[in-house]
Amino acid sequence: MKKIIVTATAIVAMSAIALTGCSSERGGGSGSGSTKDEAKGFAADATIGVALPDKTSENWVLAGQLFTDGLTEAGFKPDVQYAPASNTVAEQQNQIQAMVTGGAKVIIIGAKDGKQLSTQVEAAREAGAYVIAYDRLIENTKAVDYYVAFDNFKVGELQGQALLDGLAARAGHEAPYNVELFSGSPDDANSAVFFNGAMKVLQPKIDDGTLKVVSGQTDIAQTATDGWKAENAQRRMDSILTASYTSATIDGVLSPNDTLARAIITSVQQAGKPVPVVTGQDSEVESVKSIMEGVQYSTINKDTTLLVQQAIKMVGELQKGDKVDVNDTDQYDNGEKVVPAYLLPPVIVTKENAADAYKNVPSLEKIVTSYE
Ligand code: BGC
């Protein structure tokens, strides 16, 4: 998924279709001709399906527990499923289909591959259920109702800026700086959004010679990390170091998340080289410790508790038949419609601001204070 610039007229037209054109009877309400905004709601103890991908980062592990607890507390019956690490796409498709058959009124989906779920989400809509894309957009179908996520493009911009700031602070010399670029899994719509956000900041610096990508690999296809797997990032870093850094020093690496950041750092350490400035995302425990120890440079705080709360709030609004609160109706064009979204603000975290950034996340705040 790219951040697609559409004309104002197209946005208005597409949003109008999104708001009025796709559903006439959902959520189990009676009567005819109700649109989404006039939905009749559904039973307050309805089953809510939550289909999460494989556990490629801590945020997914945490989300499952928070959904189970939060939906139960709100009076719903949660059906939370993870797709296993192998055969993930097919398993997730089966899980969603089973939620539809089981009568879930809302299905919240953290997609493994957002391009391969149209059959299942269309079946959900046919059955009268709402579909909320969680964290990752579901593409190429009109049947996704809402999207709830952190502002992914902003995440990328923050990562790009952190790389520049880290280089100025830590490289120990003036520009030019030698850097390498990593992006996420090509089957995750977020990967291109993160990368495009980062490149908005970094490309001008590559063009003016401040940054030198020594491997020459600047295209997203060259920088991709299949499955968001640490071993794939480590392998790619190993070969880049062998091919391009026998004599050159690597000053910085754009990493799209913490799991990959730690793999990249391991690769550089195993090659016996000084650790460069490495960015990240997710505020994973091991990365927060690494940041406090002065190794990894930055991460992003995308508080999973807040994101799950926002998704559950949407479920509550749908249950009551209220208007669903969204704050973005133009950024997330999934190829078939602009999906109305609620975007939360991500926060950049370095050693300098960690105590403040985690003041509302007790488990991480405790780690940070233990280093003070
Ligand atoms: C999420 C990131 C996560 C990555 C790998 C992305 O879709 O937005 O937070 O690091 O998936 O799990």
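This is a predicted model: local features need pLDDT of at least 70, side-chain atom pairs count only at pLDDT 80 or more; totals for chains, interfaces and linings use all residues.

User: Thanks! How much space lies in the largest pocket?

Analyst: About 340 Å³. On a 1 Å grid over the protein atoms alone, a pocket is an open set of points with protein on both sides within 12 Å along at least five of seven lines, while a cavity is a set where a 1.4 Å probe fits but cannot get out; lining residues have an atom within 4 Å of a point. Grid points are joined across faces, edges and corners, and a volume is the space filled by probe spheres set on the points.

User: Which residues are the closest to the centre of that largest pocket?

Analyst: Leu 62, Asp 303, Val 361, Ser 363 and Leu 364, out of 17 lining residues. Helix 2 (58–73), helix 11 (304–320) and helix 13 (362–370) each give two or more residues to this lining. Helices here are DSSP runs (H or I, at least four residues), numbered from the N terminus.

User: Okay, now the cavities. How many of 30 Å³ or more are there?

Analyst: Three. The largest cavity holds about 110 Å³, and among its 15 lining residues, Ser 57, Asn 59, Arg 136, Trp 228 and Asp 282 are the closest to its centre.

User: Where does the largest cavity lie relative to the domains?

Analyst: Between domain 1 (4–150 + 303–344) and domain 2 (152–302 + 348–370), because both give residues to its lining. Those domain bounds come from an automatic or database domain assignment.

User: And what lines the second largest cavity?

Analyst: The second largest cavity, of about 50 Å³, has a lining that includes Asn 59, Trp 60, Lys 302 and Asp 303. Helix 2 and helix 11 each supply at least two of its lining residues.

User: Changing topic: at what angle do helix 8 and helix 9 cross?

Analyst: The axes of helix 8 (residues 230–244) and helix 9 (residues 258–270) cross at roughly 35 degrees and come within 8 Å. Axes are lines fitted to C-alpha atoms, for helices over the stretch in contact (heavy atoms within 4.5 Å), and angles run from 0 to 180 degrees between N-to-C directions.

Methods. Residues are numbered from 1 along each chain as its sequence is written. Side-chain values use heavy atoms; hydrogens and water are left out.
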